Amino acid sequence: MTVQRLALEQVLAQPLSFVLAPPVVRFYLTHTLALLASLAVVLWALFDGLGREGQTGFGLIHWVSIIFGGALLLLSLWPPSWNRKLLINLAFDEQHLYLVNGLSQQAVALPRERVRAVNKGKLPGHDGAIIAFTLDLHLSDAELALVQDTLDAQVEERFKLDEDCYRFGFVGNWQNRRRLLVAISVLAPAIVIPAVVVDEDDDEDDWDD
């Protein structure tokens, strides 16, 4: 198989060694708690505000609770919010690596030997998210264009290593970082790039080096 575009369902139908998606229990538990919390806030604001009629009625705290709690509630009730496939960004099997755009349900398949190195240092992403690790991939110009079109992203200048080698970053998708790095270390020799300082409250147990 050369570098080609595939539907995500076609990728997931194959016997994969690893899929970088949020853990099932953690993902659904988080969404359930968010749903229950937002529902509780909205109900409290409605009953408390209406129950105080004749006194102060709806105050600022009630309106704020309804607006923000309601927004979170609507987001929690939106069916795609419960779809783990939308957050998949990487998978691989014994022979191939799959770069995935979960939102479009598309992926690019390329031979695993295209992976030059696994970089374990944390880096800041362009959108503020912390990149858990990066992969150095050997790609021709045409292959790079296919990857960028499928992922709907552009390779940043800092991630262009040489003529045909590019660095792609991946977020951890709620995975324990130590176990995640062990899982992806089979792809290529590992190197460590300088880490960035992250907030001390940023899931210290999962993201210690």
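**Ground rules.** The model is predicted, so I kept local features to pLDDT of at least 70 and side-chain atom pairs to pLDDT 80 or more, while totals for chains, interfaces and linings use all residues. I number residues from 1 along each chain as its sequence is written, and side-chain values use heavy atoms, with hydrogens and water left out.

**Entry 1: aromatic pairs.** I searched the whole structure and found 5 aromatic pairs. For a pair, the ring centres of Phe, Tyr or Trp (its six-membered ring) must lie within 6.5 Å; planes under 30 degrees apart are stacked, over 60 edge-to-face, and the rest tilted. I looked at Phe 27 and Tyr 28 to begin with: their ring centres are 5.1 Å apart and their planes stand at 80°, so I logged the pair as edge-to-face. Phe 27 is buried at 1% relative accessibility, whereas Tyr 28 is partly exposed at 34%.

Phe 133 sits in strand 9 (residues 133-138) and Phe 170 in strand 11 (residues 165-170), so the pair ties together parts 37 residues apart in sequence. Helices (H or I, at least four residues) and strands (E, at least two) are DSSP runs, numbered from the N terminus. Phe 133 is buried at 0% relative accessibility, and Phe 170 is buried at 5%.

**Entry 2: helix 3.** I checked the span of helix 3 (residues 60-77): its 18 residues reach 25 Å from first C-alpha to last, close to the expected 26 Å, which is 1.5 Å times one less than the number of residues. I listed His 62, Ser 65, Gly 69, Gly 70, Leu 73 and Ser 76 as its buried residues. They lie on the same side of helix 3, because they cover an arc of only 120° around the axis; the arc is taken from the directions from the helix axis to the C-beta atoms. On the face turned away from that buried side I noted the exposed residues Leu 60, Ile 67, Phe 68 and Leu 74.

**Entry 3: Leu 144.** I found Leu 144 in helix 4 (residues 141-151), and it is buried at 10% relative accessibility. Leaving aside neighbours within four places in sequence, Leu 144 is in contact with Leu 139, Val 155, Tyr 166 and Phe 168, contact being heavy atoms within 4.5 Å. Leu 144 and Tyr 166 are 22 residues apart in sequence and 8.6 Å apart in space, C-alpha to C-alpha.

Definitions and conventions: Buried < 20%, exposed > 50% of the residue type's maximum accessible area, 1.4 Å probe, protein only.
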